[in-house]
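The following note sets out points on the ligand surroundings, helix packing and backbone geometry of the structure shown below. It is intended to be read beside the coordinates.

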Amino acid sequence: MPTATRLAELRGLLPVAKTIAYADPQAVYRQLRAEWGEVAPVELEPGINGWLVMGHEELSFIVRNERLFAKSSVHWREYAEGLLKPDSPLMPFMFPRPNAWMTDGEEHRRVRAPLDEAVNGLRLRQVSRQVTEVCDALIGEFAAKGEADLLSQYALMIPTVVIGRMLGLDLETALEMHQAQMAMFAINENSHAAAARFEEILFSLVMARKAAPADDMTSVIVHHANMASDEERMQAMVVLISAAAQGTMSWIAQVLALMLTDARFSGRMRGGRLGTDDALDEVLWRDPPTANLPARFALRDTVLAGQAIEKGDALILGFTAANADPRVHGDDQWGELGNRSHLAFSAGPHMCPAHVPARLIVRTAVDAALHQLPGLRLTVPAEELPRLESPWTRSPATLPVTFTARVRHRAVQPSN
Ligand code: HEM
């Protein structure tokens, strides 16, 4: 493998000045493309190299061809050789797990089928009611204050709480599950207790639905013939919750930032021609939530876009770069309205099973904020919003806003 470019350059690392400098990672992709073509060598961490796949055609080929490129990291040479330290930042994304996210072939189809059935069985009208209920409750917490951080108080909370409702939790327990999940990842003295509570909430739900099925995703998963144990049922639910979290949060945040700052969309609130769905599509094309995804692993030596890929090499799926591949765009950007051939949800056997409900969640959340918070505006220009320090996810780190505070109605005192 030739000298690697540091993937950290795409990361927007601290300090903040550098974060802003990488607000436009497309410049880095253009440079890599000019130097290497559609597949570039990158350094994932010191001494650990991989390939960044930036071509739309090449990326589509990889994700659709599981006989050549596996999802499970048991096929990753550096992992098999024990070169990754247990505390490597790559481990949470890339260590092998026995669930749909990390398996291949027949085994993947077996554990994926219950997820597909659970998601495809959702009634969208009910989902819409659940999302509205969650958004109303969250907005109710800050509507009277006239200011909020729509990232931490809104976009971050919606995915887990909504999935909790779709799994069959009541609103209060879904909120508690979100808090437990956040505390679990905070890695401090409360993390163990939080992880135990998170598991307890899901396990009680599995047990309750085993005894008496209801109209929710947990009941489909629990009673699916492919599920061999309660451990597998829990894994399936955790995959749904964790796969939904980052992408949905960032999609909501990116769309809100776009609609509040881009005249084409902010004008729509005053009767313009573009709608919320156009803003949703624009984000998926130009700045998708999953910017780069680790990974696929080559199952044999092959050549891709002129690069010699060796068996065991890691390939990072560069969704943002692939969506901007000049070969899939014409000159007329308006001619692309409604075009959804982007790769924001990937493709092939691992393609996101939830792109339809995810769109409904995001559209409902964005519209609820725009309608219920009059005079909504960002307190800083979009290009100055600090970004999450991640090479994988594109999202603002905060969304500070002001709006006209909702007047609290006082209870009428009976007169004497
Ligand atoms: C309701 C919200 C969501 C749920 C429940 C959900 C669920 C899932 C699940 C279970 C998988 C694993 C599928 C597999 O490996 O077989 C997955 C994969 C994925 N999802 Fe989603 N997701 C949601 C929202 C999103 C959003 C908003 C995005 C980004 C726009 C997204 C992008 C992806 C991508 C890129 C993959 C990886 C596919 C691959 O490995 O090739 N998802 N999702």
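1. A polar contact is a pair of N or O atoms within 3.5 Å; within protein, one must be able to donate a hydrogen and the other to accept it, and residues adjacent in sequence count only if both atoms are side-chain atoms. The model is predicted, so that local features need pLDDT of at least 70 and side-chain atom pairs count only at pLDDT 80 or more, whereas totals for chains, interfaces and linings use all residues. Residues are numbered from 1 along each chain as its sequence is written, and side-chain values use heavy atoms, with hydrogens and water left out.

2. Ser 346 places a side-chain N or O atom 2.5 Å from an oxygen atom of the ligand. For His 108, a polar side-chain atom lies 2.7 Å from a ligand oxygen atom, and for Arg 296 the distance from a polar side-chain atom to an oxygen atom of the ligand is 2.7 Å. Two or more residues of the shell around the ligand are given by each of α6 (105-120), α13 (230-261), β6 (293-298) and α17 (355-372). Here helices (H or I, at least four residues) and strands (E, at least two) are DSSP runs, numbered from the N terminus.

3. Composition of the shell. There are 29 residues around the ligand, and Lys 71, Arg 296, Ser 346, His 350 and Cys 352 come nearest; a residue is counted if one of its heavy atoms lies within 4 Å. Helix α13 provides the largest share, seven residues. By class, the shell holds 20 nonpolar, six polar and three charged residues, where Ala, Val, Leu, Ile, Met, Phe, Trp, Tyr, Cys and Pro count as nonpolar, Asp, Glu, Lys and Arg as charged, and the others, Gly among them, as polar.

4. Domains. The ligand lies between domain 1 (1-103 + 291-343) and domain 2 (110-286 + 352-406), because both give residues to its shell. The bounds come from an automatic or database domain assignment.

5. Helix packing. The axes of α7 (residues 124-142) and α17 come within 9 Å and cross at roughly 40°; axes are lines fitted to C-alpha atoms, for helices over the stretch in contact, and angles run from 0 to 180 degrees between N-to-C directions. Helix α7 is therefore oblique to α17, since angles under 35 degrees count as roughly parallel, over 145 as roughly antiparallel, 65 to 115 as roughly perpendicular and the rest as oblique.

6. Backbone. The peptide bond from Pro 294 to Ala 295 is cis, with omega near -5°, and Ala 295 belongs to strand β6.
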